[in-house]
Structure formats: structure tokens, C-alpha cells
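Please keep the sequence and the 3D view at hand while reading.

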Amino acid sequence: VKHFAGRVRYFEIWNEWDTHAGGFPSGNARDYAKLFNAVFPVLKRIAPHAVFLASASAGGHTKWYEQIAKLGVARHADGVAVHPYVFPQKSIFGTSSSPIEAERSAQTVIHIEALMRQLSGGKTIPIYVTEIGWPTSTNASGVTDQVAALLAERALLLFSSLPYVRGVWWYDLVNDGPNAALSKDQFGLLRQNYSFKPAAFTIQSIASLIKSNSLSLNPATDLN
């Protein structure tokens, strides 16, 4: 934080504490709360205008957010990071590449915020979607380039209509590897040769729309 003070505004205090990051055992919420409560006030003194986020769960698991809310982390943090990944499942159309995943992702965010608000004395919890994306891999978790663009459009419009969502970071910029059948290699908006996938153009257009318009979700909208 000292190194990036004045250059970086957003910091997430750890990433996916409840997963096996770096080959370590997964962490529990009580230990995370001890870490957060110790470092948060120190970091705020170093960079008082920076935004310090509580760690996201790996995959948006509700139990994690319930636990950190009960422990007071959500209430005291500047915001909470969420990674609402939702990968394809067989749809009513008989395909594993249906655009309903964007709605399911938005439902995850809505549910998590409502749960944490209830457990935090009614305080609105700012949500930062610090990871979201869909791989264009050829395996069961992947979607086509065109469906990825459609999901990007729908997800960003939905997130932007929720007043407590303060930012969205797409995962990720460039494909991590050349294996078309490996999900983790194919999350990029750009291919390894830096050519744009359709989703990259979509996000450019949607970003411009969101900047110049205030969006709200119609209360009659059924995300199911």
C-alpha cells in the first residue's frame, strides 16, 4: 500500500481466502476476520482515501459472506469483493451455452448483498465485482466467442443497474495460454496474439453507455 499510495485506489485484502491459493490450506472466516481487523486500520492510516475491500469467496459462496458479515467484517470494510462466476449448465433449449448465466450471476450478487445487509444492521454494503468472466474454451465450462460477448453485455448492464455495485473488473485481459480446451487459458478479452474477441468490443460499447446513462433494474424483472 505504501508503494502504490497515490497511484492505486482499490485494494482487496487477500484474494479468495477460502480457497487453496498458493498451495496453502483454505482459510476460515474467523481467522480472516482477525487478519482484517488487524490490518484495516493500519492501511487506512497509510492511504486514507484508498478503498480497502474484504476478500471475495472463490465462486461467490453464500456461506463465506454470511460468516464475514456476522463477524463484522462486511460492516467495517470500505466494501466487499464478490466473484460471481456462473458457468454454463444445460438450459431449456438443450444447449450448454445459454445466456441465462448473466442473470444467475446478478442473482448471486443481489442475494449476497441482501444477506450481508440484513446481518450488518441494515447498512448497505458496497459491492465490488473484482472478478467476472466466461472462458471461450471448448470444454463443458466454455462458451463460444459470440455467447461470451452476449454474457458480457447482459452482465454489465445488470450489475450497473444495482446501486450498491460500485465497480466491475473483467477476468481477464489476455488469454493465459494456448490450450483451447483448458478453461483457465481462455478467459481473456484478447487472444494471445492480442487480437480482440467479440466480448472486448462489447465491453467498450457498454462502458460508454454506462458512463453516460443512469441505469436501474425494473422491479418487475424476473431474473429467473
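## P198 and helix 6

P198 is found in helix 6, which spans residues 198-212. In this predicted model, P198 has a relative accessible area of 27% and is partly exposed. The value lies between the 20% below which a residue is buried and the 50% above which a residue is exposed, and therefore P198 counts as partly exposed.

Leaving aside neighbours within four places in sequence, P198 is in contact with D145, Q146, A149 and R191. The C-alpha atoms of P198 and L71 are separated by 42 Å, and these two residues are 127 residues apart along the chain.

## The nonpolar core

The largest nonpolar core has 55 residues. The residues with the most contacts inside this core are Y32, Y65, I68, V109, M116 and I127. Helix 5, residues 145-160, gives the most to the core, with eight residues.

Which residues does Y65 touch, not counting residues up to four places away in sequence? Y65 touches S55, A56, S57, G60, V80, A81, V82, H83, I112 and M116.

## E113 in helix 4

E113 lies in helix 4, which covers residues 100-119. Is E113 buried or exposed? E113 has a relative accessible area of 0% and is buried. Apart from neighbours within four places in sequence, the residues in contact with E113 are T124, I125, I127 and Y164.

## Aromatic pairs

How many aromatic pairs does a search of the whole structure find? The search finds 16 aromatic pairs. One of them joins Y32 and F36, with 6.2 Å from centre to centre and 40 degrees between the planes, and this pair is tilted. Both residues lie in helix 1 (residues 29-46), four residues apart, which is about one turn of the helix. Y32 is buried at a relative accessible area of 0%, and F36 also counts as buried, at 1% relative accessibility.

Y128 and W169 form another pair: their ring centres are 6.3 Å apart and their planes are at 40 degrees, so the pair is tilted. Y128 lies in strand 4 (residues 127-132) and W169 in strand 5 (residues 165-170), so the pair ties together parts that are 41 residues apart in sequence. Y128 counts as buried at 6% relative accessibility, whereas W169 is partly exposed, with a relative accessible area of 33%.

## A cluster of rings

Ring pairs also link residues into a cluster made up of F11, W14, W17, Y32, F36, F40, F52 and W64.

How values were computed:
Residues are numbered from 1 along each chain as its sequence is written. This is a predicted model: local features need pLDDT of at least 70, side-chain atom pairs count only at pLDDT 80 or more; totals for chains, interfaces and linings use all residues. Side-chain values use heavy atoms; hydrogens and water are left out. Helices (H or I, at least four residues) and strands (E, at least two) are DSSP runs, numbered from the N terminus. Buried means under 20% relative accessible area, exposed over 50%, partly exposed in between (1.4 Å probe, protein chains only). Contact means heavy atoms within 4.5 Å. A nonpolar core is a set of buried Ala, Val, Leu, Ile, Met, Phe, Trp, Tyr and Cys residues joined through side-chain atoms within 4.5 Å. Rings of Phe, Tyr and Trp (its six-membered ring) pair if their centres lie within 6.5 Å; planes under 30 degrees apart count as stacked, over 60 as edge-to-face and the rest as tilted.
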